[in-house]
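Dear colleague,

Please find the structure below, passed on to you for your files.

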Amino acid sequence: MSDSDIVQDFLVESYENLDRLDRELVGLEKNPQDRDALASVFRTIHTIKGTCGFLGFNKLEKVAHVGENLLTRLRDGQLTLNPELTTALLGMVDAVRQMLKEIQATGQDGQVDYPELRENLTRLSQVGAASAVKKAAAKESSAHAKVEPATLDKEIAPASSKDVALSPAPTSGKAVLTEAPKPAALEPFQEAVSGPPVETVPEHTEEPVAAKPDDVLAAQQTLESRPREAVAETIRVGVNVLDKLMTLVGELVLARNQLLQISGTVEDTGLQAVSQRMNLIATELQGEVMKTRMQPIGNIWSQFPRTVRDVALGFGKEVGIEMEGKETELDKTIIEAIKDPLTHLVRNSVDHGIELPDDRVKAGKDRAGRLILRAFHEGGQVNIEITDDGAGLNGDRIRKKAVERGVITAEQAVRMTEREIFNLIFLPGFSTAEKVTNVSGRGVGMDVVKTNVEKIGGTVDVQSTRGRGTTVRVKIPLTLAIIPALVVTCGGDRYAIPQVSLLELVRLEADEVGKGIELVHGAPVYRLRGRLLPLVYLNRELKLVADGHSAAGDGAVNIVVLQADERQFGLVVDQINDTEEIVVKPLRKQLKTVKTFAGSSIMGDGKVALILDVLGLAQRASVITETRDRALTEKAAEAAASGEEKQTFLLFAGPGDSRMAIPLSTLARLEEFPVAQVEMSGSQWVTQYRGQILPLVRLNVVLEERRNKLRALQAPPTADSGPIQVLVLNHDGRSFGLVVERILDIVEDRADVRSAATRAAVLYSVVIGDRVTEMLDIPAILRGADVSAARPGLGPRSAEVAN
Amino acid sequence: MAQTAQFCTFYLDKLLFGVELKGVQEVIRSLDMTKVPLAPGVVSGLINLRGQIVTAVDLRRRLELEPRPAGMRAMNVVVRSEDGAVSLLVDEIGDVVEVEETTFERPPETLRGTVRAMILGVHKLNDRLMHVLDIEKACQMTDVAEGTAAGH
């Protein structure tokens, strides 16, 4: 083994160790008494230090050495881990990592030897040493130099931990104390410990001070089981070896397929038996090799506690991270592809989602926010959820921002549901962060998250409840290496279409083609269950023929209905072959510019077939435009196209959280006014709106029972209440604002299940979206409001129903 | 003793070309090829090289030479580029030649255009000139626009 091989091994091992250090240090900060973890941290640093010395990386060794010193004090119980110490130690981990990178790049450990960091670490460890020595000296005077190391340690550890807690180290006389004999006396002991530390540590846990007997027992048990764990039967295998294995298995599967075809035609029971066995073995081998590429998602999650800690600390927040389903396995390539998006989402949740501790307390929550990562398999896909219990998304602010930025029109904004609004955060250049921080809020990121996840065939969705928190759900396929696909033929060549984008297949026989396919100003469409499906001819898009309408020889048309980015379109191909599991191979750089193809694969007969990139194809054919805005308006367009029987309603909450609605057509705008803008004109609430005085009618007052109405009506707005939600309505050429509790949604419904009204100002009750909703009678409300201005509480409607 | 290098030679439109032997993975007869619609015109298609999918580059087109006459079966010179194996389609395979550094000369100033970037220079052999091809440049497609109907 050459020197560079040794260095390489050292680097690989050290990177892994450092990642573990991050994790363990953050864990230790929460539970400083975990001696087991402390011993492991110590061991790791000691190993790095030792190897550095051996390989001649002196600067790296120096940094590791001061870190080790500090850890020694911690391990011996002379210091207790606190945030300051953790930060210093993490700083050391970063420095070591930086130097490893330097070694990787240049073979040398760099020019910097981090004097400040080392000083800081030394200072921190001397705090412990100083007080320990002071105590020890007072107790045993000169005796300790001769004491057996183990005894010495027993003596000092309990004493010092008390001492540190009671009195901070005297700052004066530090110089003298650092030269005190005690550390020197401990030196041989340290040497003894650092050899096989696993066996030595349990002795320390006999200390009665902090560890409860149970803890000691548990620690010992873990320690006993650890050596077995450490020598668990794993070996390190290069990724390129695994990739090569995968390729060979792919080949084997192809050869098997051919063999099976041949053996089917030959009357030879011996051959058939062998090929059957070979079939089974190859299938099993394929499964096992696939497994070697699978990694638990915990591998990338493990760095998140550190990320969360750093981000939270930077903003003065307190955040606890919880993980469920760490063991959920994913293909290596997918793990790599989602690492950055997930990191961004996690940082984002801490930065934007979780509030400052004081705000949380005000909102009646725990000071510390919770961030929950959850992963699980579902229907051949992996779901990853990132949930925070923070402030939630502010739908109204996103709506406003989106309109301001011209992402959507005001009209679209009114029509969009809460969920659609939330998902606007994934559009490019969209950020609602009020402060731009170095973590997030720069308007880049969420769109990159979406793009990256979609690139590997996944989806992102966000759900949020105001004041309760936000959940981002990422759905991704298990593996990219082998996917089910539909194989079609076009222009004599085969193409594979990933099954995830496939909705259905439609075949039009020759005699149906004429009336089945219609033209919208030259653009072919097909009526699929009453809706127009744009048609894309694959041979034309791929420029295989100058013009191609009908494709198959018999005049029939095969339409593959595909979904791309919430748009559907029909792809016309010559022939639909079969569905197959295909092994995906990426395209080389020379073909990366061709956006229509996602990769290539080798078919059963050994020929190469291209895999269509449905999204790329849709973009090429202009089915979807780059701004995605058509997808957003699609629902509205659909409603218009699908017939008149459905109506669109604005749903909102009335007094007492009752569900109410008005037809959207009566609505001019939705507005939100701060209470301060509300003025009183007599007993009428008004506000200045677009150069007019807009009378405000409060729904809760209109619906109030008569005896309370007068008082309620004349009450001025309460200054400290939140902004009021106003529906601006036009009636008989006059505008007025209807104050409601909360806007719920905009829905489309037939609304044909009706029953009579139960109170004034309501036309009838109706079932919208499976729930009973009251349809407001706007003219009646206006009459009530108008009259009530002159004769409070005695509007015709209210008088009518008051009995 | 001057430094020598071994070259794998091949012909394109009667011109002699060479690539350094250590960059050549193998030489094979023509294989079944899958054409790639919308790909740059110089990409002839994809071939299955024992389970490895390799892009085939038509060197005649790449070097802006006359198209290969109909009926002439191309040979594949599979070279190792930064981005994995690439098959260069050539007319005919020549010998492996060993040349000294001293016979090398940079291309004349009069050789212009995109081709100049791909030809490192020539070795003056006894009877003719051997063009030395820059494998990386020849395999890079950044300067080639999207073509129409590849392979036509």
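The model is a predicted one. In sequence order, the elements of chain B run β-β-β-β-β-α-β-β-β-β-α-β-β-α. That chain holds 3 helices and 11 strands. Chain B has 152 residues, of which 36% count as buried. Among the contacts in chain B with a separation of 6 or more, 59% are between residues 24 or more positions apart.

The next point concerns the nonpolar cores. The largest nonpolar core comprises 79 residues. The members that touch the most others within it are A:Ala496, A:Ile497, A:Leu571, A:Val572, A:Leu612, B:Val57 and B:Leu88. Strand E8 of chain A, residues 482-490, supplies the largest share of this core, namely 6 residues.

A:Ile497 may be taken individually. Setting aside neighbours within four places in sequence, A:Ile497 is in contact with A:Ala485, A:Leu486, A:Val488, A:Leu502, A:Val560, A:Leu612 and A:Val614. Another core lies apart from the largest one and has 41 residues, including A:Trp301, A:Ala312, A:Ile354 and A:Val453.

Helix H2 of chain A covers residues 35-55, 21 residues in number. From its first C-alpha to its last, helix H2 of chain A reaches 30 Å, which is close to the 30 Å expected at 1.5 Å a residue. The residue that follows H2(A) is A:Gly56, and its phi is positive, near 85 degrees.

Terms used. Residues are numbered from 1 along each chain as its sequence is written. Chains are lettered from A and ligands numbered from 1 in the order in which they are written. This is a predicted model: local features need pLDDT of at least 70, side-chain atom pairs count only at pLDDT 80 or more; totals for chains, interfaces and linings use all residues. Helices (H or I, at least four residues) and strands (E, at least two) are DSSP runs, numbered from the N terminus. The expected span of a helix is 1.5 Å times one less than its number of residues. A residue is buried if 20 or more other C-beta atoms lie within 10 Å of its own, exposed if 12 or fewer, and partly exposed in between; C-beta atoms are placed from the backbone. Two residues are in contact if their C-beta atoms, placed from the backbone, lie within 7 Å. A nonpolar core is a set of buried Ala, Val, Leu, Ile, Met, Phe, Trp, Tyr and Cys residues joined through C-beta atoms within 7 Å.
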